[in-house]
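Morning, everyone. Let me put the structure up, and then we'll go through some of its packing.

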Amino acid sequence: MKNKTYNIKALLIAALLSIFMIALVFFGSRKLQNFDAALVTYLFGTVFAFFGIVYRYTVWLQRPPTWIYFKRGITYLITGKVFSHFWFATKESVENIAFQKFIYPRGKYRWMAHFMIAVGCTSAFLITIPLTFGWINFAMAPNSISVYEAYFFGFKVMDFNLDSITAFLTFHALNWSSYLVIFGSLYYLRRRLTNPGLIATQSFEGDLLPLILLIAISVTGLGLTYSYQFMKGLAFDFLAVLHAVTVIMFLIWIPFGKFFHIIQRPAQIGAHIYKKQGMKMGMAVCPHTGEEFTTNLHIKDLKAVTKELGFNFDKEDGTSHLDLSPEGKRSRLAQAHLKARQQGGNLFG
Amino acid sequence: MNYTNFNIHEEFFVDMQRCIGCKACELACAECETNGQESMIHVNYVDRASTVQTTVQVCMHCDDPVCANVCPADAISKDEFGIVHTANTERCIGCSNCVMACPFGVPKKEESYDLMMKCTMCYDRTSVGKKPMCATVCPSGALFYGTKDQIQEMRPNSTPVNTFVFGQEIVNTKVNIMMPKGSTELIIF
């Protein structure tokens, strides 16, 4: 795997999209009219995270195996084939992205904990990012002291009474997110500290730190509410700074650490559509077992990708080792071993 | 990885002609904590129509793993001891590129999990100086884990080989296959 220290194409794309994002912040907040200056540190963190995410995503897409999936996806889109999978893609998005269904068979509690973290984080992102960017703002209704209005991009979207249930749920929305994240993260922290397989393979910065960060963000965030509601604002400034530090660490960590899987996960749907489309185009049959094992498209693409990566499994007779199914490959290896043993004159040496 | 007591003097030696198909290794493999109780070792008939011979396959832990190279999600990594780890659960997108590209037919796609899983040479055990589960239970010597001196004493007429030729590709691995004495490579036709 060849890696360069930096990637000009990715730098350029990330820089351009970040400038576009800053322009959206400027105009979305109605020329900073609705921008909350208290959130400026969060804005820097978010723009940096956005730059990092686009940079890493672009570098990632340029890897030959990733690029071929991306290229196929775009091709199916342009030629209209993706529309024949529209219902499938919608179903997959709901099941696998919104509900992370594939985690359930790995463990019921693992799924529940992951779902709690996912809902908590997604709702927190949906609230905080538009607030930081000045895309959402609240104002008192004209001629009223009890009705609050919510604006998105400067356009009014809803209003509610200040003593209503809607107001209570809305103002405390980040607290509900925090509870979900804390419960989910504690489950995973316990799992990572007690499961021998995970203890053997995990790393602190890759696996434990993200969970600690999530808990730190949520606890300091909840602390702000508890401070002003129940403790007469005790240590509020300190908590606010601590919360900002943990959130900014989290934002900076997204493109480089475990949280990048949030951005990567939709590729799973792409891989499923690729498989489904491939099945329509015909299945590959293993010359050893005589059974279908994957799609012809998959084998054809893999031959091209492996060559691009510097591996050549072509044989002299024009076939390829990649034409064999996994079982076929294992059997051919055993047959070659038997032949070598027979030629050596002794089956067991 | 965090801490380790990996014994770099011990290696894996496979002799598939000794495999009797008892599947003790399959059951032992399911005890490996890194697999989450799924068995990753392969025991299959070589050509059931003409012979009852079975073969056994563990991950060969290639020097330049094809599985990791073809992974579109960067989910497979190799550590400083040459162990090629199973797919990172949060990254793997279940595309099966690794399953189809591995020249030894090792990675398994667990369809219900939508996840690739593979042999990690029992990293939970080997990282603390123990032997892999399969090698500790194999009754016929098809799977052996120990030092080069130990295997040479046990199999004086064999040579461990870790170079494999698949078409035009030469693959070097961490795991050895026992071959007739003096062999340097195994050519897969």
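Which helices do the buried residues of H8(A) pack against? Keep in mind that this is a predicted model. The partners are helix H6 (108-133) and helix H10 (204-230) of chain A. H8 itself covers residues 173-194 of chain A, 22 residues in total. From first C-alpha to last it reaches 32 Å, close to the 32 Å expected. Its buried residues include A:Leu180, A:Val181 and A:Ile182. A:Gly184 and A:Tyr188 are also among them.

Next, a helix pair. Packed helices are described by the angle and the distance between their axes. Take H3 (residues 64-78) and H14 (residues 296-308), both in chain A. Their axes come within 9 Å and cross at roughly 145°. The crossing of H3(A) and H14(A) is right-handed. On the H3(A) side we have A:Pro64, A:Pro65 and A:Ile68. They meet A:Asp301, A:Val305 and A:Glu308 in H14(A). By class, that contact has four nonpolar residues, two charged and no polar ones.

Now chain B. Five strands make an open sheet with mixed pairing, in the order E6-E1-E8-E7-E9. E6 (143-146) and E9 (186-188) are at the edges. Each has a single partner strand, so one side of each lacks a neighbour in the sheet. The twist averages 40° from one strand to the next.

Inside the sheet, E1 (residues 11-14) and E8 (residues 169-180) of chain B run parallel, joined by two bridges. B:Phe13 stands opposite B:Asn176 in E8(B).

Last, the two chains together. Helix H15 (residues 326-344) of chain A lies across E8 and E9 of chain B.

Methods:
Residues numbered from 1 in each chain as written. Chains lettered and ligands numbered in written order. Predicted model: local features only at pLDDT ≥ 70, side-chain atom pairs only at ≥ 80, totals over all residues. Helix = DSSP H or I, 4+ residues; strand = E, 2+ residues; numbered from the N terminus. Expected span 1.5 Å × (residues − 1). Buried ≥ 20, exposed ≤ 12 C-beta atoms within 10 Å, placed from the backbone. Contact = placed C-beta atoms within 7 Å. Axes fitted to C-alpha atoms, helices over the stretch in contact; angles between N-to-C directions. Left-handed = near helix turned anticlockwise from the far one by under 90°. Nonpolar A, V, L, I, M, F, W, Y, C, P; charged D, E, K, R; others polar. Pairing = 2+ DSSP bridges.
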